[in-house]
Amino acid sequence: MRILLGITGGIAAYKAADLARLLTHQGHQVRSILTEAGARFITPLTLTSLTGGPCYGANPDQGEWRANPSIEHIELARWADLVAVVPATANIIGKAANGLASDLLSTVLLATRAQVLWAPAMNTGMWEHPAVQANLARLRTFGHAVVDPGEGVLACGEEGSGKLADLLTIAEAIQFHGTPKLSSLIGRRVLITAGPTREDLDPVRTLTNRSTGAMGIELARAFRDAGAKVQLVLGGDLPAPWGLETIRVRSAQQMLEACKAHWPQADGLVAAAAVADQRPESPSTQKVKKVEGTEMLSLVRTPDILAQLSSQRRPGQWVIGFAAESEDHLVHAMAKLQKKSLDAVLVNDIQDGQAFGAQANTLIPVTDQGPQPALGPLPKDQLAQAVVQWWAQRLGAGPV
Ligand SMILES: Cc1cc2nc3c(=O)[nH]c(=O)nc-3n(C[C@H](O)[C@H](O)[C@H](O)COP(=O)(O)O)c2cc1C
């Protein structure tokens with residue numbers, strides 16, 4: 001995505017440098033505009049060094065970092081897929097809400113047809129002032145997105161609201177608002193399971209597996225960014241993603257109950273969780289004491305969540321399962337597809353340390369037409385986007 005980052009004159013401007021670095025690392029092209037007040041807090045050199053892209057400013061005499069002397073504001077306004085103002089002062093919010101164009105950033109904001117996103121940061125008194133709130137409400141009516149500030153101790157020493165939102169949250173909001181929505185997924189409810197389940201032996205010990213939940217979380221983000229309404233049923237410890245409903249669970253039984261509560265309203269299911277197949281037959285409420293010699297642990301089957309949800313589906317609901325296999329993966333996947341009446345199985349080859357905990361992964365979709373071209377190897381975020389594109393195309397082509 002081509003992101004134009006506007007940085008205005010608030011003390012949180014130093015955090016914009018970190019955001020610029022983060023967005024660049026995520027693979028976005030980043031250019032920046034510093035207002036005159038913004039340039040008192042951080043320098044163009046910081047931004048050009050971190051992004052590899054030019055930094056523009058209000059002052060035409062600022063030398064080599066003023067890259068394009070010809071109708072700069074229009075070129076920038078056209079270049080951007082998304083303009084993010086981080087941090088946004090009360091001043092720039094007021095100017096943009098009222099159509100003022102008195103410097104490069106405010107002029108670009110008026111000229112651009114790209115999505116605009118605001119991350120305000122200011123003293124609590126300023127933030128709560130009706131003028132600022134009315135200006136933000138006006139910006140929302142233009143279709144602009146606002147990432148509200150959080151609460152905390154502010155640079156001025158006051159404690160309250162007005163603190164710049166967390167940078168990861170801002171980056172997720174940028175990703176969401178800057179991603180084109182896919183017609184076959186807009187407004188569709190997608191239920192996604194992710195992460196490991198945990199089956200307790202006693203209050204201390206637990207049976208689990210090596211899944212982290214990263215792939216399922218990236219799928220949840222990718223469906224969210226494509227316009228779906230996502231409900232994520234999540235095991236494990238990874239943080240819940242921004243902008244969707246997360247239901248945290250521990251055991252397979254809890255995952256089943258959470259899924260059953262949401263499945264009737266959903267349009268589709270992506271079952272990416274690594275559900276434990278067995279649980280201890282009689283978990284102990286007290287810590288089990290060690291004994292000498294061999295010990296036996298009696299295990300029983302956990303519920304088959306995917307099979308149950310698939311068998312209870314109503315017409316029009318689609319179901320995608322996952323298979324993590326270390327041998328004959330396509331044969332196993334085809335068998336799973338047929339046995340559980342799925343629309344697709346995404347196969348992970350878990351040999352050579354792929355899949356669990358790995359950064360990059362490959363998935364082979366298997367449908368009733370057999371194995372489809374492999375997706376990846378790609379980092380998990382891009383792989384999830386590829387899965388969503390592939391599935392949205394199939395959905396768009398007609399009923400599954
Ligand atoms: C030390 C200092 C910190 C400031 N912090 C903020 C701030 O966090 N939020 C804000 O809206 N204004 C803040 N201001 C006021 C703005 O810098 C001022 O309104 C300026 O005109 C904003 O210009 P700009 O919107 O073009 O960047 C601060 C001013 C100073 C001197």
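Residues are numbered from 1 along each chain as its sequence is written. Because the model is predicted, local features need pLDDT of at least 70 and side-chain atom pairs count only at pLDDT 80 or more, while totals for chains, interfaces and linings use all residues; side-chain values use heavy atoms, leaving out hydrogens and water.

**Overall build**

The protein chain has 13 helices and 21 strands, taken as DSSP runs numbered from the N terminus (helices: H or I, at least four residues; strands: E, at least two). Along the principal axes, the C-alpha atoms fill a box of roughly 75 × 50 × 40 Å. Of the 400 residues, 50% are buried, where buried means under 20% relative accessible area, exposed over 50%, and partly exposed in between (1.4 Å probe, protein chains only). The chain exposes about 19100 Å², with carbon and sulfur atoms supplying 51% of it; areas come from the Shrake-Rupley method with a 1.4 Å probe, and for residues only the protein chains shown count as cover. Among contacts (heavy atoms within 4.5 Å) between residues at least 6 apart in sequence, 65% join residues at least 24 apart.

**Nonpolar cores**

A nonpolar core here is a set of buried Ala, Val, Leu, Ile, Met, Phe, Trp, Tyr and Cys residues joined through side-chain atoms within 4.5 Å. The largest one holds 35 residues, and Leu219, Phe223 and Val270 touch the most other members. Helix 9 (214–225) and strand 12 (229–234) are among the elements that each supply at least two of its residues. Helix 13 gives the largest share, nine residues. Setting aside neighbours within four places in sequence, Phe223 is in contact with residues including Leu185, Val190, Val270, Trp318 and Trp391. A second, separate core of 30 residues includes Ala13, Leu23, Val147 and Leu167.

**The ligand site**

The ligand is surrounded by 14 residues, and the closest are Gly9, Thr35, Thr89, Ala90 and Ala121; a residue is counted if one of its heavy atoms lies within 4 Å. Helix 4 (residues 90–97) provides the largest share of this shell, three residues.

| Residue | Polar atom from | Distance to a ligand oxygen atom |
|---|---|---|
| Thr89 | side chain | 2.6 Å |
| Ala90 | backbone | 2.8 Å |
| Asn91 | side chain | 3.0 Å |

Taken alone, the ligand exposes 650 Å², and the protein buries 61% of that.

UniProt, in an unreviewed entry, places the feature "active site" at Cys156; its positions follow the numbering used here, feature names are shortened, and annotations may be inferred rather than shown by experiment. Cys156 sits in the loop between strand 7 (150–153) and strand 8 (159–163), and it counts as partly exposed because its relative accessibility is 48%.

Asn348 belongs to strand 18 and counts as buried, at 9% relative accessibility. Its side chain makes a polar contact of 2.8 Å with that of Asn361.

Gln286, in the loop between strand 15 (278–280) and strand 16 (299–301), is exposed, with a relative accessible area of 58%. Not counting residues up to four places away in sequence, Gln286 touches Asp202 and Pro203. The C-alpha atoms of Gln286 and Met126 are separated by 55 Å.

Methods:
A polar contact is a pair of N or O atoms within 3.5 Å; within protein, one must be able to donate a hydrogen and the other to accept it, and residues adjacent in sequence count only if both atoms are side-chain atoms.
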